[in-house]
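Take a look at the model below.

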Amino acid sequence: MKVLDQIIERAKATPKRIVLCEGDDPRIMDAAVRAAECGVARITLVGDQVAINGAASDAGHSLANIDIVDPSESPLTTELAHALFELRGAKGMTETQAEHETYNPLTFANLLVRTGHADGSVAGAVHTTSDVVRSAIQLLGVRPGMSMVSSFFLMVFCEPYHRIKGGLIFSDCGLVIEPDAEQLATIALAAADSGRALLNDIPRVAMLSFSTHQSARHATVDRVIDAARRVHATRPELAIDEDVQLDSAIVPEIAQRKLPDSRVGGKANVLVFPSLEAGNIGYKLAERMGGAKAIGPLLQGLNKPANDLSRGCSAEDVYYVIAVTAVQAQAASQDAP
């Protein structure tokens, strides 16, 4: 079964409440209705009720299986405003400001997740990445054990011409521009967790570089090696290659020649790029020239799931991100104490 089909089936097995705050956008509407009708998630749309109903009517959709919450009318608004004031009051936010901010659909949606009224949120078809990420970090927080939030793409290789079949995690391709060794290690740990949650497989991590096993000497190589050793010190059970070139990471025959003692063995399913520049180029090469399907950018390292969308996303993209968010929520509930 293809990796996306597996994610859909896993989402259906234990449907989670996923909230979207851009419901009057036709792509969000189409994806939300599809997800609800297919049983991928229980959907809540946050926003102006008249606008959302109008968008549904224009598209010929029934919202019978979807909850609509208008912050200006919801009985939850007072509770969420109080939660926001408790969270941000020490940073100077007043109760009046908290109440006003709660009417913002993006804020309201993430507060629903924070307070347990929803399991995950999806936004970004209209909002900028900076707004989506800032709201998620401020309202949901960074997961214990993580020092920062980063991003990844789920890259799907399922066409007949793909030599490697299945899914790969590419990180970080959308958020952290030039990570130092500590940040790169945090990205690798989070990406391994993302791989475990979404690929239904044991993560095998490759710390990508232009060097394999110190075949080249440079400060950027040293940073990758340092990061990998930090990861190994934190999780010695995790299969990880230090500085490794892409071919050695994903081609067993080459890995056997260059890294005969590797625990990854040329079968990496989590690729950690040394910089955002490399990651962005890498995922777009795989997508545009290699024909892979790119799902993301997705966020990792948060207390609870919240994901960003590209503003150029399609309804199908949104549908898959809803499914991914639901599976992340399942994993988060399993990890909760």
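Asp193 and Arg235 form a salt bridge, with their closest N and O atoms 2.8 Å apart. Asp193 sits in helix α8, while Arg235 sits in the loop between α9 (219-234) and β8, so the pair ties together parts that are 42 residues apart in sequence. This is a predicted model.

How accessible are the two partners? Asp193 has 19% relative accessibility and therefore counts as buried, the cut-off being under 20%. Arg235 is buried as well, at 18%.

Asp193 has another partner. Arg196 forms a salt bridge with Asp193, and here the closest N and O atoms are 3.3 Å apart. Both residues belong to helix α8 (residues 181-199), where three residues, about one turn of the helix, separate them. Arg196 counts as partly exposed, at 41% relative accessibility.

Helix α9 holds a pair of its own. Asp226 forms a salt bridge with Arg230, the closest N and O atoms being 3.1 Å apart. The two are four residues apart in helix α9, so about one helical turn separates them. Asp226 is partly exposed at 31%, and Arg230 is partly exposed at 37%. Shared partners also build a network: salt bridges join Arg143, Asp193, Arg196 and Arg235 into one. The structure holds 15 salt bridges.

Side chains of opposite charge can pair when their charged atoms come close. Asp241 shows the other case. Asp241 is buried yet has no salt bridge. The nearest side chain of opposite charge, Arg263, is 8.0 Å away. A salt bridge needs a nitrogen within 4 Å of a carboxyl oxygen. Asp241 lies in strand β8 (residues 239-244). Beyond its neighbours up to four places away in sequence, Asp241 touches residues including Val205, Met207, Leu259 and Arg263.

Phe153 lies in strand β5 (residues 150-157). Its relative accessible area is 4%, so Phe153 is buried. Leaving aside neighbours within four places in sequence, its contacts include Leu168, Phe170, Tyr283, Ile295 and Pro297. The C-alpha atoms of Phe153 and Asn280 are 9.8 Å apart, although 127 residues separate the two along the chain.

Step back to the whole chain. The secondary structure comes to 13 helices and eleven strands. Buried residues make up 53% of the 337 residues. Of the contacts with a separation of 6 or more, 73% involve residues 24 or more positions apart. The radius of gyration is 21 Å; this agrees with a compact globule of 337 residues, which would have one near 20 Å. The chain has 31 positive and 41 negative side chains, and the centres of the two sets lie 7 Å apart.

Notes:
Residues numbered from 1 in each chain as written. Predicted model: local features only at pLDDT ≥ 70, side-chain atom pairs only at ≥ 80, totals over all residues. Heavy atoms only, no water. Rg over C-alpha atoms; globule rule 2.2 N^0.38 Å. Buried < 20%, exposed > 50% of the residue type's maximum accessible area, 1.4 Å probe, protein only. Contact = heavy atoms within 4.5 Å. Lys, Arg positive; Asp, Glu negative; His and termini not counted. Charge placed at Lys NZ, Arg CZ, Asp CG, Glu CD.
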